[in-house]
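Thanks for coming, everyone. Let me put the model on the screen, and then we will walk through it.

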Amino acid sequence: MATSLKIDFVSDVSCPWCVVGLKSLEQALARVGDSITAELHFQPFELNPQMAPEGEDTTEHLARKYGSTPAQAAANKENIRARGAELGFTFNLGQRNRIYNTFDAHRLLHWAELEGHQHALKQALFDAYFTLGQNPSDHTLLVQVAEQVGLDPVRAQAILESNEFADAVREREQFYTSQGIHSVPAIIINDRHLISGGQPPEVFEQALRQIAAA
């Protein structure tokens with residue numbers, strides 16, 4: 001009989017290591033097969049909650065926030081690209097020239113969970129930003145991506161034009177911050193076990209098996 005695990009995946013749409021973490025987790029879940037079933041919930045986290053609507057140049061932003069030199073930034077980009085390629089994800093980081101505000105994307109993801117399309121929307125938003133270099137704060141793009149994964153575009157537009165789900169998203173963000181989550185991805189299993197960062201599939205697989213067996 002399969003063991004059911006609740007997995008809260010705390011992440012941001014603009015976080016490349018969140019893509020790596022999700023792809024690794026998905027591979028781990030495929031490896032454990034029918035022995036474990038996962039109830040996966042994507043929880044909101046904003047790396048740059050004060051980001052202006054027009055965004056900021058990626059290189060300038062990383063230099064200001066982390067003090068990274070252009071050489072360090074280039075090495076980090078290559079590391080991310082290689083990790084993504086190993087997991088079957090294409091990072092076209094040369095096209096990702098700007099960092100954007102992601103709050104509205106999180107509002108749509110909150111709604112998508114209620115509609116049963118959250119996982120698909122999360123993946124589509126990662127593809128839009130990291131592979132295609134598109135702007136995840138742009139409402140036209142968000143509506144298009146929502147429609148692509150089977151969500152009602154009229155409803156999506158109405159949500160984006162209002163403040164719907166804003167309080168719910170902020171409440172969830174504050175909850176995870178209050179629990180000590182200050183970097184992502186943070187993967188919380190059964191509300192107790194924390195795995196941080198873009199770990200390899202083997203790490204997730206071992207953790208899933210150990211927790212399921214406990």
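**A walk through the core**

Start with Ile181. Setting aside neighbours within four places in sequence, Ile181 is in contact with Val10, Phe45, Tyr176, Ala186, Ile188 and Leu194. Keep in mind that this is a predicted model.

Now step back. Ile181 belongs to the largest nonpolar core, which has 40 residues. Which members touch the most others? They are Val10, Phe91, Phe130, Ile181, Ile189 and Leu208.

Where does this core come from? At least two residues each are supplied by strand 1 (3-11), helix 1 (16-32), strand 2 (36-44), helix 5 (118-131), strand 5 (186-189) and helix 9 (201-213). Helix 1 gives the largest share, with 8 residues.

There is also a second, separate core. That one has 21 residues, including Leu121, Leu142, Val143 and Val145.

Back to helix 1, where we find Ser24. Is Ser24 buried or exposed? Ser24 counts as buried, because its relative accessibility is 0%. What does Ser24 touch? Leaving out residues up to four places away in sequence, the list is Arg83, Leu87, Gln199, Pro200, Pro201 and Phe204. For a sense of distance, take Ser24 and Gln148, 124 residues apart along the chain. Their C-alpha atoms are separated by 24 Å.

Last stop, helix 2, residues 58-66. Look at its start. A side-chain oxygen of Asp57 comes to within 3.0 Å of the backbone nitrogen of Glu60. Then look past the other end. Gly67 follows helix 2, and the phi of Gly67 is positive, near 70°.

Technical notes:
Residues numbered from 1 in each chain as written. Predicted model: local features only at pLDDT ≥ 70, side-chain atom pairs only at ≥ 80, totals over all residues. Heavy atoms only, no water. Polar contact = N/O pair within 3.5 Å; in protein donor to acceptor, adjacent residues only side chain to side chain. Helix = DSSP H or I, 4+ residues; strand = E, 2+ residues; numbered from the N terminus. Core = buried A, V, L, I, M, F, W, Y, C linked by side-chain atoms within 4.5 Å. Buried < 20%, exposed > 50% of the residue type's maximum accessible area, 1.4 Å probe, protein only. Contact = heavy atoms within 4.5 Å.
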